[in-house]
Amino acid sequence: MPILVLALLPVPPKFNGQSACANEAQRQTNADVLRAVFDLVLVPLKQIAREGTVMDCAEGKTRLCFPILSAWIMDHAEHAALQGIGSTLCPKCEVPGEELGGDPRQIYETCDYILYREKALRHEPAEAAGIAESFQWLGVKIGNNGFTGVDRVSPTDLHKPDLLHHIYLGLFKHMMEWVEGVLKKHKQQQAFDDAWKEIPPYPGFRVPKKAYHEITQWQGQEKRNLGRCISAILASALRNPDSSQYQDFKRALKSVSALADFTLMAQYRSHTPDTLSYMESYL
Amino acid sequence: MADQCAKEVHYRIFANCRRLPDQQRVERSDRRAYFQLHENHFNFMKMYYLTHFASHVRRFGSISIYSTGIGELAHKDQINDGYRRSNKNEAAREILSHYRHQHALGIRLRSIEALSKVGGVIVVEDSGMEMPTVPNRRTPDRVLKGHMKNTSTLTELCTALDIHYSNMMEEILCFIRHTAADDGQLPADAAELRLLPIEGFAQLQIPVPDFQETDWFQIHRARCTEQKAFRNRISRNHLVWVQIGGEANYRDLQGRVVLRLLALFKIRNILSEAAAVHRLALVRILDPINGGRFHIPSGPIRVGNQINGRDMQIVSIGAVIGQPQVIPSGKKQWIVDHRIDLRIFNEIYSIIQFNSVEYLFC
């Protein structure tokens, strides 16, 4: 995949913490600067998406092409800043903040950033309060989206699933906190550490050098390795349940395996409808 | 009257049977709702976003190409390296142009390589240069490496391995009987076998194709150092996967077994005209526990040392298909980690289809 550096973003000064008012002003300036920089970066794209340009195609012909921004690959926090949404909300659909851990089969309405922008720009003074309230309910900051000005771009689809931040650094971290809790509750930490030490080498797999509790900082690569061996290690650590622990252990192993299976499925390079339905069944 | 009663009872039983799954379903969804209300702490965005993954694949394709891993790496490749090579004066512009140059050259080389694979000699435009074609990659063979000294006959090999000679001979004869007869077949006679020259080896390199790739291979290096120390540590006798039966035996393992490598050797049949070389491996069988099925309470497949019966076997190295990842679990038992890479995960796959509700609560 060709990667080009387009621009280096300015680093905003830190909040000096003198007063809430000054911090707020600084925050506003930072947002404005970021917005201005992105407008500047996206200007050529705006024009070219509208008028098109002549480009060489792979088979040797030249065609009038309309390059369109289709993906914006970055961390969720950066996304939240650029799309102007709350950091705990989904950039794709209007799911309420307290239902994020709910039923995976529930379908919510898709976010329509262009509509939000129109609402924010063309509101009557009388409706202002109502609109502000609905935006607050959705967690959208008014008119702060950096992408709505670009033609033929659907800001909702810019956000892409991300293995590194979503799964390795997000969910695996959460899972390990939960696994540690289970181990502590059933006093199996020692068994887990023993199994952790005895992971044999495997081609393409880096064996951890430290004991589990000694690792303070995780890299994405290490987390990925963790996902590959965690279910077997846990099975080894929880191998001798007594009657009261049996159900707990079974459930713990199943949940961990489900996440590991989902992650592995997500790494497939090509998918069939079957693999997709398996992926959904792991949720 | 009695007949009618019996019919009614019959009917009720059937009705109950039909109703039972519905009841169970209701109970399950109740339990699920309870779980979500009271024990749930999964209320965060990253948990929720998983529901969008499958629809994303349907619309845009593979997930891994959109991962931020590339962008994070770019911090080092593009920004840090670019700055390091600049003169630190007005660095921003130099950083921007540095990577662009590198990248343009890289793309050019890659496209020349890709084009040269397609047809014969290609001419690089503007320069009049001709690039020779690169032959397509072919499947690499299994290679035996690390020649062991003092193993030139079967007797010597047995001494080195500390195995009884008669056991070894029995296994080889058994292997010869089971292989198809051809010109270079080994003689099924102990006295003749004894004279044949052999060579012992310490390492077997097995090319394993990458998952969903055709011409990329990963080399698995299975070592067996017999009794000797390896890099000043304890001796290594790695485990390997061997394809033995069909899918009927060892069902979830898809007809493969986990074996411990004891010795690797070449044996040359100098008595026949063809003087064919046979590459063989002496292995110890590990029994799949629970019939090679997924252990329902704890999930993965376990294997353990065989307790009785013939525990050694000779296999041709052609049957060795890779190395498993096993994690010790208790005395002489191992857990086969089938999630270690995508290939194994795809092949050894739990046949039990989990319903997401049952998955949590059964």
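Helices (H or I, at least four residues) and strands (E, at least two) are DSSP runs, numbered from the N terminus. B:Glu90 lies in the loop between helix 4 and helix 5 of chain B. The model is predicted: local features need pLDDT of at least 70, side-chain atom pairs count only at pLDDT 80 or more, and totals for chains, interfaces and linings use all residues. Residues are numbered from 1 along each chain as its sequence is written, chains are lettered from A and ligands numbered from 1 in the order in which they are written, and side-chain values use heavy atoms, with hydrogens and water left out.

**Confidence**

- The predictor assigns the complex an ipTM of 0.75 and a pTM of 0.71.
- Chain A has a mean pLDDT (the predictor's confidence in each residue, from 0 to 100) of 76, with 81% of its residues at 70 or more.
- Within chain A, confidence is lowest in helix 10 (residues 273–282), at a mean of 55, and highest in strand 2 (residues 62–65), at 87.
- For chain B the mean pLDDT is 72, and 68% of its residues reach 70 or more.

**Helix packing in chain B**

- Helix 6 (residues 154–161) and helix 7 (residues 165–178) of chain B pack at an angle of about 120°, with their axes 9 Å apart; axes are lines fitted to C-alpha atoms, for helices over the stretch in contact, and angles run from 0 to 180 degrees between N-to-C directions.
- The contact involves B:Leu154, B:Thr155, B:Leu157 and B:Cys158 of helix 6 and B:Tyr165, B:Met168, B:Met169 and B:Ile172 of helix 7.
- By class, the residues of this contact are 7 nonpolar (Ala, Val, Leu, Ile, Met, Phe, Trp, Tyr, Cys and Pro), 1 polar (the others, Gly among them) and no charged (Asp, Glu, Lys and Arg).

**Positive phi in the loop**

- Most residues other than glycine have a negative phi.
- B:Lys88, in the loop between helix 4 (69–85) and helix 5 (91–118) of chain B, has a positive phi near 65°.
- B:Lys88 is partly exposed because its relative accessibility is 46%; buried means under 20% relative accessible area, exposed over 50%, partly exposed in between (1.4 Å probe, protein chains only).
- B:Glu90 has a positive phi of about 55° although it is not a glycine, and B:Glu90 is exposed, with a relative accessible area of 63%.

**A:Glu118**

- A:Glu118 sits in helix 3 (residues 113–121) of chain A and, at 37% relative accessibility, is partly exposed.
- A:Glu118 and A:Arg63 are 55 residues apart in sequence and 34 Å apart in space, C-alpha to C-alpha.

Notes:
Contact = heavy atoms within 4.5 Å.
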